[in-house]
Each structure stands twice: as C-alpha cells, then as structure tokens.
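The sequence and the model come first, and the notes follow.

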Amino acid sequence: MIAHYKTVQRRQDVGMRISALYRQQQLSIGILDVASAEVLCGTLDWYMANMNCTLHVITLEDTFEQEELGQKYPDVTFICFNSLVSVGEMINAFADECYATWFLVVRSDMQMIGFDGSQLMRLMGEKSHPAMITPIALNQNGEVMPTIRAPYLKGKELDPLSFMPPVEPGRLVSNLYPVMGLGLYDRALFQRLRGYDGQISGEFYQLLDFGIRCHLYGFPIFTSSDFAILFGAKQSIVEDRSRCEGMERCYTKALSIHRIAGKNVVEKWKPYVDKVLLKTEVRTKQIILQKTDFFTLMKEWKNPEET
C-alpha cells in the first residue's frame with residue numbers, strides 16, 4: 001500500500017511559489033512528528049522563536065486536522081501523510097517539498113542544544129563537501145550517546161560497530177549513516193542519490209542503505225561537535241536490526257560490487273540478493289558510479305579513537 005500526503009503551505013508561500021523558483025532559500029528545517037501533539041507544539045514554538053528559517057512539520061493528516069495545526073501555526077508548512085510511513089519516506093517528502101539549498105531534519109521529541117550555523121554552512125558550502133552532517137546526541141541525563149557507526153561485517157551479515165563521538169570543539173569524524181535520519185543534508189545531492197529507499201521497510205536498513213551509498217559514491221557523512229541535540233525522555237537509542245522486508249535491497253547495493261585493480265566487478269552476495277535490483281540497477285548504473293567498495297571502506301575506515 002502506497003501512503004500519500006498533502007502539503008499545506010505556510011501563509012507566506014501563498015502567491016510566492018513562482019518567486020521561490022528564482023530565489024532559493026539557504027536552509028529549511030523539517031520536524032518529524034514522533035510524539036504527542038503537546039510535545040510537537042512546544043517544539044514548534046521553540047524553533048519559531050530561535051531559528052530564522054522556514055519550518056516544515058511532517059505529520060499525519062489526522063493529527064493536523066484534530067489539533068487544528070494550520071490555524072495555530074499559519075507560518076509553518078505541514079506535510080500530512082494519510083497513514084504511518086517510514087522515517088526515510090518522511091524525509092524524502094520533506095526534501096521534495098522544501099525549496100532550500102540545505103535541509104535540517106530534527107524530531108519533535110528532541111531539543112537543539114548546539115548548532116554553529118556559520119561553521120556548518122561553511123563546511124557544506126565547500127567544493128568537496130560531505131553528503132550530510134550528523135549531530136552529537138545526549139540522553140536525558142546529559143550523557144553523550146554512541147551514535148558513530150563504522151562499517152563491519154559479521155560473517156555474511158552487515159553489523160555496523162558503534163562508537164562514542166568526540167566532543168572537542170571543531171571535531172569532525174566519519175559516520176557510516178545518520179542515526180534516526182537526523183542531520184543537515186545537501187538537498188541537491190540527496191536527490192541525486194535518490195534519497196531513502198522506500199521499498200526497504202525497516203528503519204535501520206533504510207538508513208544504513210543510504211549511508212553506505214553515500215560513502216561508496218564518494219560522498220562522506222560526518223558527525224560534528226558543533227552540532228548537538230538532547231533527548232529529554234530517552235536514556236538510550238535502540239535500533240531494530242532484525243530482518244525486514246526489502247533488506248535484500250540494502251545488501252545487494254552495499255556488497256554486490258567488488259573493486260579489483262581499479263575496476264568494479266559484480267559478484268552476488270549470498271544469501272542476501274535481490275536479483276531484479278542486481279540486474280536493473282547494480283549492473284547497469286551503480287557499477288559505473290561507484291568509487292570504492294564496502295570491503296575497502298572497512299579496511300580504510302578510521303574510528304574516532306584513531307583520529
């Protein structure tokens with residue numbers, strides 16, 4: 001079943017859509033509605049008071065209508081799905097609907113406690129910029145959580161390792177994928193990479209697939225100490241890494257290409273292979289675009305304590 005959404009434009013956008021095509025905004029913030037309406041409203045109030053950029057909320061139609069969010073927040077754009085969807089699909093919709101060079105994905109159940117906009121925008125504006133920058137995350141006790149992921153294979157299984165991020169000011173470290181999808185994205189590059197794979201149902205594999213593709217195509221993901229968030233009601237972040245529908249798509253894109261003597265060679269990764277995807281995408285498109293392979297990525301990866 002395909003979930004559909006409608007977009008309720010903020011007040012300032014009415015009659016201004018044409019001019020927006022010629023005057024692209026730098027930054028747009030997308031808030032994933034993952035908690036109660038009360039929590040969402042508190043989060044919206046904070047961003048409206050503290051962040052001078054366009055705001056989008058990705059939510060459900062029922063929530064939007066029952067809470068009369070359009071009347072309460074006429075200066076916010078709402079992307080309203082008719083049913084529950086994955087995090088990746090929510091972010092894909094936000095990327096399609098916002099008119100900005102960069103977009104920032106946050107959640108209603110977290111607080112922004114550090115965002116050095118000038119430094120982060122400078123980094124994203126460089127010629128060899130990363131695909132995205134992810135934040136350091138703190139739990140309800142103010143403790144830093146292990147949100148750095150490193151590439152690793154446990155036998156035939158993708159099983160990324162977890163590390164603590166460095167907290168020294170100005171530090172950047174590589175991260176395999178954005179935990180919870182949170183972070184600052186380059187919108188044009190995100191769409192060129194075709195965003196998140198909606199045919200993968202599990203959040204872990206959806207995020208992992210996107211992150212691996214970024215690195216294999218030559219676009220790193222970094223975590224920055226200049227960007228920090230706090231979860232006021234979470235002690236830890238738990239990822240569901242169990243098997244899910246579409247997980248073979250992640251394995252097929254991540255592990256089917258081996259780079260040998262500077263050339264990409266396709267080899268099936270058994271036992272997880274999507275034969276249709278292997279034929280229609282990996283052998284025809286990915287083999288041309290991929291700059292490295294997962295095995296080289298593992299070998300050359302520098303973990304935080306090594307940098």
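## Salt bridges, a covered helix and a cavity

E168 is partly exposed, with a relative accessible area of 40%. In this predicted model, E168 pairs with R171 in a salt bridge, and R171 is partly exposed as well, at 22%. The count of salt bridges comes to 13. Three of them are listed here.

| Salt bridge | N to O distance |
|---|---|
| R171 and E168 | 3.4 Å |
| R149 and E239 | 3.3 Å |
| D209 and K253 | 3.2 Å |

D209 in helix 8 and K253 in helix 9 are 44 residues apart, so this pair links distant parts of the chain. Both D209 and K253 are buried. The two also belong to a network of salt bridges that includes D197, R213 and R249.

R149 counts as buried, because its relative accessibility is 3%, under the 20% cut-off.

Helix 9 spans residues 247-255, and eight of its nine residues are buried. Among them are R249 and K253. The cover over the buried residues of helix 9 includes helix 8 (203-216), helix 10 (275-289), helix 11 (294-300) and strand 15 (257-260).

The model has one cavity of 30 Å³ or more. The largest cavity holds about 70 Å³ of space. Its lining consists of seven nonpolar residues, three polar and no charged. Strand 7 (residues 132-138) gives the largest share, three residues. The lining includes T134, P135, A137 and N175.

Methods
Residues are numbered from 1 along each chain as its sequence is written. This is a predicted model: local features need pLDDT of at least 70, side-chain atom pairs count only at pLDDT 80 or more; totals for chains, interfaces and linings use all residues. Side-chain values use heavy atoms; hydrogens and water are left out. Buried means under 20% relative accessible area, exposed over 50%, partly exposed in between (1.4 Å probe, protein chains only). Helices (H or I, at least four residues) and strands (E, at least two) are DSSP runs, numbered from the N terminus. Contact means heavy atoms within 4.5 Å. On a 1 Å grid over the protein atoms alone, a cavity is a set of points where a 1.4 Å probe fits but cannot get out, and a pocket is an open set with protein on both sides within 12 Å along at least five of seven lines; lining residues have an atom within 4 Å of a point. Grid points are joined across faces, edges and corners, and a volume is the space filled by probe spheres set on the points. Ala, Val, Leu, Ile, Met, Phe, Trp, Tyr, Cys and Pro count as nonpolar, Asp, Glu, Lys and Arg as charged, and the others, Gly among them, as polar. A salt bridge is a side-chain nitrogen of Lys or Arg within 4 Å of a carboxyl oxygen of Asp or Glu.
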